[in-house]
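Here's a quick tour of pockets and charged pairs. Have the structure open while you read.

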Amino acid sequence: MRDLIVVGRPNSGKTMFTLNFASYIGSKSVDITFRSYDDLITCKHFSVEEARRELCSNTLHKTRTLQSLVLKIAIGKTAVNFRLNDTCGIGEKIHNEVAVRRGMAQTLSLMRCADFIFHIIDLSYISKEYMNGSSTIDHEIYNYGIIQNSYIILANKTDIPYAKDNLTKLSCIFPKATIIPISALLSQGLKEVKSCVARNI
């Protein structure tokens, strides 16, 4: 089974994307496996709406462990299973909480063995550091992903007022990447993501 990983900064929309993409491809409920840094595994069944309420938040680092969903997608006349892995957000600085540091380490570890990387970038966060060439965590993920040749950027929050301008900037900052504009919140752009998944599983 192919492993696809969703990575990015904290609060970039990774969990909302994961759940709404599951819904978009036909899942009304999800079984989520939570795997801690020390390999403690728990599994919980949710309706997609319940999962949104419980797992999505504006709080930084709401997601602290690997959250995996086995999903099914129709390709032609067959249905193929794949694993979509939601992860702890990665930041530039060493976090003061052990659980968050371990979550980030877990994310980085899974990136090295994932079959495909979805890099979510928040279009509301195109900072001066992006524009002046300073290295950010998004640059580091991009540089790694491009080498793997199994990587795409999902430019999230196209529903915000200045998204179009920031999307143009993003294309200049990360010129070698394929970029799909999405709104995880409104489930926009997911048809293109579904096509991408179908080509890579």
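## Salt bridges and pockets

Asp115 is partly exposed, with a relative accessible area of 26%. Keep in mind that this is a predicted model. The partner to look for is Arg2: the two form a salt bridge, with their closest N and O atoms 3.5 Å apart. This pair ties together distant parts of the chain, since Arg2 sits in strand 1 (residues 2–8) and Asp115 in the loop between helix 3 (98–113) and strand 6 (116–122), 113 residues apart. Arg2 is partly exposed too, at a relative accessible area of 32%.

How many salt bridges does a search of the whole structure find? It turns up 9. Here are some of them, with the N to O distance for each:

| Salt bridge | Distance |
|---|---|
| Arg2 – Asp115 | 3.5 Å |
| Arg53 – Glu49 | 3.8 Å |
| Arg64 – Glu97 | 2.7 Å |

Now for Arg64 and Glu97, whose side chains meet at 2.7 Å. They also link distant parts of the chain: Arg64 is in the loop between helix 2 and strand 4 (66–75), while Glu97 is in the loop between strand 5 (78–86) and helix 3, 33 residues apart. Arg64 counts as partly exposed at 29% relative accessibility, and Glu97 is partly exposed at 34%. Elsewhere, salt bridges with shared partners join Glu49, Arg52 and Arg53 into one network.

Arg53 is exposed, with a relative accessible area of 57%, whereas Glu49 is partly exposed at 41%.

On to the pockets. The largest one has a volume of about 430 Å³ and is lined by 26 residues. Asn11, Gly13, Met16, Ser57 and Asn58 are the ones that lie nearest its centre. Which element gives the largest share of that lining? That's helix 1 (residues 14–24), with 3 residues. By class, the lining holds 13 polar, 8 nonpolar and 5 charged residues.

The second largest pocket comes in at about 290 Å³. Its lining has 14 residues, and Arg9, Pro10, Leu60, Gly91 and Glu92 lie nearest the centre. Sorted by class, that lining divides into 5 nonpolar, 5 polar and 4 charged residues.

Note on methods
Residues numbered from 1 in each chain as written. Predicted model: local features only at pLDDT ≥ 70, side-chain atom pairs only at ≥ 80, totals over all residues. Heavy atoms only, no water. 1 Å grid on protein atoms, 1.4 Å probe; cavity = no way out; pocket = protein on both sides within 12 Å on 5 of 7 lines; lining within 4 Å. Points joined across faces, edges and corners; volume = space filled by probe spheres on them. Helix = DSSP H or I, 4+ residues; strand = E, 2+ residues; numbered from the N terminus. Nonpolar A, V, L, I, M, F, W, Y, C, P; charged D, E, K, R; others polar. Salt bridge = Lys/Arg side-chain N within 4 Å of Asp/Glu carboxyl O. Buried < 20%, exposed > 50% of the residue type's maximum accessible area, 1.4 Å probe, protein only.
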